[in-house]
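Thanks for coming. Please have the sequence and the model open.

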Amino acid sequence: MNFSAEKASRKWPCGGLACGERPMVAVAAVLLVIFAATEPAAAARRPGVWSQEPWGDLFRQKRPKLRRAALPASVPLPKPRPTEAPAAVPEKPAAAKQAPGEADKPAEQAAPAPPPPSACRLALTEEIAIAPSIPDIHGAGGCGGEDLVRLEAVVLPDKRRVSVKPAAILRCAMASAIADWIRTDIAPLAASLGSVISDLDNFDSFDCRGRNRVLGARLSEHGRANALDVRALQLANGHSISLVDRTVSREVRESVLHSACARFSTVLGPGSDWYHEDHIHLDLMERHNNYKICQWDVWDPLPQIAPLLPAGRPDEAPPREVAAKSDAAKPGAAKSETAKSDTAEPDAAGSRPPTKKRRQNRRF
């Protein structure tokens, strides 16, 4: 079949401008211009719709499919919690969640249980001393200790309290030794003086330091809470037993010395060194073969009256200046006498008698 524009004109008759190649091309161009002008405006009126060029349909380009989520007109708010509803329990973190079959445990059981009280702690009851337990102390260089108490007072057998001022931080064994010393030895001593002991003067207890507070020295027993420094014992009648005061009776101080040295492994006082001239040091230091140190010199009391002065110079004695001159003149007089003896006349044989001075010169 042979088809052409000329044959078509013969088959389909048309007017002058309606047939032919040029009029058809002109009509197609006008349609493209109109489509290009109307398509962007329509795309602008429809937001979200993909716009393409006027010739997109000619190359079979597909438009992407856009999904639109249907939004509600208004979002409803949750209902308020009823007042009779139980309190909300916060959810445990994943690490703290328990197994499904495991029962819930109280929070107190989660913490490690404290160690059981020691035998010393069980024996040191409130009938013996007011000494509450305190947490263990672990410091640098071995400073501190375990099984510590704060000794506030010692309870006497008659229920009287001997206050420790200030309260001493000690190990339980040291606090028990102090309480036993006060109850057994010091209380009867105060009774022999016609009074009752009321206070214990605590000069120093726990102190993380070296011996004698010397920098770089070995750790003191005070640093281990195993020592107590005592200066005086107060009595209820107002008197004080100062352990380093010479005015206190020597018998009383010696009684305290013997009782302390029998109970404690270390007793240092006046005479041991100049660090302990104003107090008494007590501790329970452990040594080989239970070796003990007791260095405390109980000094004699000072005399009440000063010693007698030398006797005064008699009134008839010559003045000191005159006596000094007469003493100074004596050597000169001796020299003059020797000179006279040297100038003595010789005897008939022509020899001079020997003088005393010459005899002395011959001897040496």
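Let me start with Trp274, which is exposed at a relative accessible area of 66%. The terms here are as follows: buried is under 20% relative accessible area, exposed is over 50%, and partly exposed lies in between, with a 1.4 Å probe and protein chains only. Tyr275 is partly exposed at 32% relative accessibility.

Before going on, the conventions. This is a predicted model, in which local features need pLDDT of at least 70 and side-chain atom pairs count only at pLDDT 80 or more, while totals for chains, interfaces and linings use all residues. Residues are numbered from 1 along each chain as its sequence is written, and side-chain values use heavy atoms, with hydrogens and water left out.

Next, the aromatic pairs. Rings of Phe, Tyr and Trp (for Trp, its six-membered ring) pair if their centres lie within 6.5 Å; planes under 30 degrees apart count as stacked, over 60 as edge-to-face, and the rest as tilted. How many aromatic pairs does this rule give? The count is two. In one of them, the ring centres of Trp181 and Phe264 are 5.9 Å apart and the planes are at 85°, so this pair is edge-to-face. Trp181 sits in helix α4 and Phe264 in the loop between α5 and β10 (266-268), so to speak distant parts of the chain, 83 residues apart. Both Trp181 and Phe264 are buried. Trp274 and Tyr275 form a stacked pair, with 4.5 Å from centre to centre and 25° between the planes.

Now the core. A nonpolar core is a set of buried Ala, Val, Leu, Ile, Met, Phe, Trp, Tyr and Cys residues joined through side-chain atoms within 4.5 Å. The largest one has 43 residues, and those with the most contacts inside it are Leu151, Ile178, Trp181, Ile182, Ile197, Phe264 and Leu282. At least two residues each come from β5 (148-155), β6 (161-171), α4, β7, β8, α5 and β11 (280-283). Helices (H or I, at least four residues) and strands (E, at least two) are DSSP runs, numbered from the N terminus. Which element gives the most to this core? That is α4, with twelve residues.

Contact means heavy atoms within 4.5 Å. Not counting residues up to four places away in sequence, Ile178 touches Leu151, Leu200, Leu228, Phe264 and Leu282.

On to the disulfides, where a disulfide is a pair of cysteine sulfur atoms within 2.5 Å. The structure holds three. One of them joins Cys120 to Cys172, with an S to S distance of 2.1 Å. The torsion about that S-S bond is about -95°, so the disulfide is left-handed. Cys120 lies in helix α3 (residues 119-123) and Cys172 in helix α4 (residues 172-192), so the pair ties together parts that are 52 residues apart in sequence. Cys120 is partly exposed, at 21% relative accessible area, whereas Cys172 is buried, at 1%.

Cys143 and Cys208 form another disulfide, with their sulfur atoms 2.1 Å apart. Cys143 is in the loop between β3 (137-138) and β4 (144-145), Cys208 is in the loop between β7 (197-204) and β8 (227-235), and the two are 65 residues apart. Cys143 is buried, with a relative accessible area of 3%, and Cys208 is partly exposed at 45%.

The remaining pair is Cys261 and Cys294, whose sulfur atoms are 1.8 Å apart. The torsion about their S-S bond is about 50°, so this disulfide is right-handed. Since Cys261 lies in helix α5 (residues 250-263) and Cys294 in strand β12 (residues 293-295), the pair ties together parts that are 33 residues apart in sequence. Is Cys261 buried or exposed? Cys261 counts as buried, at 17% relative accessibility, while Cys294 is partly exposed, with a relative accessible area of 42%.

One more residue, Ser205, is found in the loop between β7 and β8. Ser205 counts as buried, at 8% relative accessibility. A polar atom of the Ser205 side chain lies 3.4 Å from the backbone nitrogen of Ile169. Leaving aside neighbours within four places in sequence, Ser205 is in contact with Ala168, Ile169, Leu170, His222, Ala227 and Leu228.

Last, confidence. The term pLDDT is the predictor's confidence in each residue, from 0 to 100. The protein averages a pLDDT of 76, and 62% of the residues score at least 70. Over residues 48-52 the pLDDT is below 50, and this stretch has twelve contacts in the model beyond near neighbours in sequence. Residues 357-364 also stay under 50, with two contacts beyond four places in sequence. Where pLDDT is low, the predicted coordinates should not be read in detail.

Note on methods:
Polar contact = N/O pair within 3.5 Å; in protein donor to acceptor, adjacent residues only side chain to side chain.
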